[in-house]
Amino acid sequence: MPRRNWTRKSNPFTLLTVATKACTPPPRLTARGAATRARIVAAAASLVYERGFAGTSLDDVMAATGTSKSQLYHYFADKDALIREVIKAQLGRIIAAQAAADLHEVSSREGLQRWCNHFVTATRATQGAGGCPLGSLVGELADQSEPARRVLAQCFADWQSYLSEGFTAMRDNGELAAHADPAELALTMMSALQGGLLMAQTTRSARPLELALNMALQHMAAYRPRPKQAGRR
C-alpha cells in the first residue's frame with residue numbers, strides 16, 4: 001500500500017467527500033474493536049482541536065493511540081472517514097458537556113439563562129482559548145471543501161435543534177408568543193454564541209460572548225406574550 005500523508009504540506013481538503021457519497025454500513029466490531037476505534041477518534045479530535053486539521057498528521061494520531069497504520073485503515077477507509085468522525089465527536093463532546101451541566105433541554109427562560117451563563121463561565125475560565133470545538137473547524141474546512149462544509153452544517157443543525165425544541169416547548173407553555181418561530185430564534189441564539197466565541201478567542205476575554213448572548217436574550221424578550229389588558233368599564 002502506498003504511503004499516505006496528512007501533514008501541513010499535503011492538501012487534505014481535496015479528498016474530503018464524506019457528505020456527498022452514500023456511506024456503506026461499517027462492519028460489526030467486537031467490543032475491543034469498538035473501543036479501539038473510539039480511542040482513535042477521541043485522540044484525533046483532541047489533536048485537531050489543539051493543532052488544527054492541517055497541523056495534525058496520521059502519524060500523530062498513530063503515536064497518540066499506539067496503533068499501527070494497518071489498524072488505522074482497518075477502522076477508517078481513509079482520512080475523509082476519520083475527519084467525519086472527528087467532526088461528530090466534537091459535537092458529541094459539546095452535547096455531553098451540556099447534559100452534564102443539566103442543560104440538555106432549554107425549555108424555559110430560566111433554563112435558557114443558565115445555558116448562556118454556562119458558556120460565559122466556561123469561556124471566562126479559559127479566556128476564550130481554543131474557541132468552539134466545532135466552530136474552530138469551520139475556518140479550516142468550510143471554504144475549502146463543500147462536502148466538509150455540509151458535514152459541519154449538519155452538526156450545527158443538530159446542536160441547534162436542542163434549542164429549537166426547547167423554544168417550541170416555551171411557545172407551547174405560553175412563555176413565548178404564538179407567532180414566535182422557534183427555528184429562527186434558535187438560529188439567532190446559535191449565531192450569537194458562535195460570533196461571541198470567535199471574538200472571545202481573539203480578545204482572550206469572555207466579554208464579547210456575554211454581550212452577544214445578552215443581545216440575543218433581549219431579542220427573545222420581544223417575543224414574550226403581552227399581558228392581557230383589563231376591559232374598559
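This is a predicted model: local features need pLDDT of at least 70, side-chain atom pairs count only at pLDDT 80 or more; totals for chains, interfaces and linings use all residues.
1. Contact here means heavy atoms within 4.5 Å.

2. The chain holds nine helices and zero strands. Of its 233 residues, 41% are buried. Among contacts between residues at least 6 apart in sequence, 74% join residues at least 24 apart. The accessible surface is about 13200 Å², with 52% belonging to carbon and sulfur atoms.

3. Helix α5 covers residues 109-126, and its end C-alpha atoms are 26 Å apart, in agreement with the 26 Å that its 18 residues should span at 1.5 Å a residue. Gln127, which follows α5, has a positive phi, near 55°.

4. The buried residues of α5 are Gly111, Leu112, Trp115, Cys116, Phe119, Val120 and Thr123. An α-helix has 3.6 residues a turn, so residues three or four places apart point the same way. The buried residues of α5 pack against α4 (79-100), α7, α8 and α9 (207-221).

5. Glu175 sits in the loop between α7 (146-172) and α8 (182-203). Its relative accessibility is 16%, so Glu175 counts as buried, the cut-off being under 20%.

6. A polar atom of the Glu175 side chain lies 3.1 Å from the backbone nitrogen of Arg109, and α5 comprises residues 109-126. Leaving out residues up to four places away in sequence, Glu175 touches Ser107, Ser108, Arg109 and Glu110, and also Met170, Tyr223, Arg224 and Pro225.

Conventions. Residues are numbered from 1 along each chain as its sequence is written. Side-chain values use heavy atoms; hydrogens and water are left out. Helices (H or I, at least four residues) and strands (E, at least two) are DSSP runs, numbered from the N terminus. Buried means under 20% relative accessible area, exposed over 50%, partly exposed in between (1.4 Å probe, protein chains only). A polar contact is a pair of N or O atoms within 3.5 Å; within protein, one must be able to donate a hydrogen and the other to accept it, and residues adjacent in sequence count only if both atoms are side-chain atoms. The expected span of a helix is 1.5 Å times one less than its number of residues. Accessible areas come from the Shrake-Rupley method with a 1.4 Å probe; for residues, only the protein chains shown count as cover.
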